Amino acid sequence: MEKAVQVIQITKELSGRWIIPILLSLDKSGGRFTPLKNILQISPSRLSSNLKTMTEAGLIQHLSPFERNHPLLPEYELTEKGLFMKEAAYVISNTEHQLSQGFLAAKAWNWPVLLALYCQYHEFNAIRQLLQTVTPRILSRRLGELWEKGLVEKTLITDPTPKYTYALNDDVKPIIRSAMSDLSALL
Amino acid sequence: MYKPGFTLWYNVSDLERTMEFYTEQLGFEKYSFDKENGMGSVHTNTKDCYIGFSEAEKIIPSTAAAVMEVENIDAAVKKLTEKGIVFNGDVSIIPGYVKLITFKDPDGHDLELSQTL
């Protein structure tokens with residue numbers, strides 16, 4: 001279970017509109033700002049702000065003009081943690097391709113919720129407890145959205161008190177199992 | 001050991017603006033331009049001598065001046081002023097040696113005109 005919690009934490013860290021695209025595109029851009037901006041079709045200020053956040057999170061290293069021997073050399077490089085997270089980003093990206101429901105990791109908590117359900121956390125409060133910092137409002141919204149996408153099914157239990165329980169859809173379960181296994185293997 | 005060829009490389013904040021400066025204002029010939037990758041270069045008036053540019057997020061202006069030889073510095077200053085180049089002060093003279101005047105490119109990289117006396 002400890003490994004599952006670690007994997008959930010990794011997917012939580014990889015949540016966001018730009019973090020996975022940046023991790024997966026940095027090498028292709030030669031680590032340079034302009035090619036990266038053009039590959040991602042992102043505004044310069046937004047890219048700067050995301051790179052700053054990722055630098056602070058220890059995923060990338062910003063090389064100052066004094067540290068580069070040539071203007072064409074990388075401005076940003078993946079750190080050891082960044083290289084590890086890039087592998088995890090690949091797993092998430094490939095899994096999302098199989099799920100065909102868009103870029104789920106762009107929204108915070110989508111992946112932690114899917115993994116919590118895979119780990120047999122079926123009740124709202126149990127999921128909330130596992131994910132710790134998620135607010136009830138966001139958790140409720142994410143479960144609703146995942147249900148609307150057909151990734152999650154919900155069942156109304158009436159005894160002893162009426163409440164919903166949640167589970168991965170049967171088609172989704174093997175895909176998430178495979179992702180969980182691949183992400184665990186990285187640890 | 002060396003073969004003919006000399007290239008200066010600068011980081012620049014806006015490749016298109018820089019290319020315009022070096023071609024239209026300074027009059028050098030465009031040699032390459034890759035907007036997608038933020039890379040470009042110009043061929044100076046000297047054979048095998050190029051200036052390359054790479055767009056970057058953060059620029060530190062170079063204080064190592066790239067010095068360009070001119071036949072008549074006063075005529076060159078007049079012509080380049082008409083093209084919008086702003087010079088730093090007046091022409092300096094090192095008697096018996098050289099006449100100099102400096103200016104900057106759009107990112108503040110130091111450039112200089114020189115007339116050998």
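The following dialogue explains how to read several features of a predicted model.

Visitor: How are residues, chains and ligands labelled, and which limits apply to a predicted model?

Guide: Residues are numbered from 1 along each chain as its sequence is written, while chains are lettered from A and ligands numbered from 1 in the order in which they are written. As the model is predicted, local features need pLDDT of at least 70 and side-chain atom pairs count only at pLDDT 80 or more, whereas totals for chains, interfaces and linings use all residues.

Visitor: How many helices and strands does chain A have?

Guide: Helices (H or I, at least four residues) and strands (E, at least two) are DSSP runs, numbered from the N terminus. In chain A there are 9 helices and 4 strands, and their order along the sequence is α-α-α-α-β-β-α-α-α-α-β-β-α. The C-alpha atoms of chain A occupy a box of roughly 70 × 30 × 30 Å along the principal axes.

Visitor: What share of chain A counts as buried?

Guide: A residue is buried if 20 or more other C-beta atoms lie within 10 Å of its own, exposed if 12 or fewer, and partly exposed in between, with C-beta atoms placed from the backbone. Of the 187 residues in chain A, 32% are buried.

Visitor: At what angle do helix 1 and helix 6 of chain A pack?

Guide: Helix 1 (residues 2-13) and helix 6 of chain A pack at about 160°, with axes 8 Å apart. These two helices of chain A are therefore roughly antiparallel. Among the residues that meet are A:Val7 and A:Ile8 of helix 1 and A:Trp111 and A:Leu115 of helix 6. The classes in this contact are 7 nonpolar, 1 polar and 1 charged.

Visitor: What is the strand order of the open sheet in chain B?

Guide: Strands of a sheet pair through backbone hydrogen bonds, either parallel or antiparallel. Two strands count as paired if DSSP finds at least two bridges between them. The open sheet of 4 strands in chain B has the order 1-4-3-2, with mixed pairing. Strand 1 (6-12) and strand 2 (29-34) of chain B stand at the edges with a single partner strand each, so one side of each has no neighbour in the sheet. From one strand to the next, the twist averages 15°. Within chain B, strand 3 (residues 39-43) and strand 4 (residues 49-55) pair antiparallel over 5 bridges, and B:Met39 stands opposite B:Ser54.

Visitor: Where does A:Leu72 lie, and which residues does A:Leu72 touch?

Guide: A:Leu72 is in the loop between strand 1 (60-62) and strand 2 (76-78) of chain A. Because 17 other C-beta atoms lie within 10 Å, A:Leu72 is partly exposed. Not counting residues up to four places away in sequence, A:Leu72 touches B:Met39 and B:Ser54.

Visitor: How many residues of strand 6 of chain B are buried?

Guide: Strand 6 (residues 87-94) of chain B is hardly covered, with 0 buried among its 8 residues. Strand 6 runs antiparallel to strand 7 (residues 98-104) of chain B, joined by 5 bridges. The two strands of chain B form a hairpin with 3 residues between them, and B:Gly96 in the turn has a positive phi of about 75°.

Definitions and conventions:
Axes fitted to C-alpha atoms, helices over the stretch in contact; angles between N-to-C directions. Contact = placed C-beta atoms within 7 Å. Parallel < 35°, antiparallel > 145°, perpendicular 65-115°, else oblique. Nonpolar A, V, L, I, M, F, W, Y, C, P; charged D, E, K, R; others polar.
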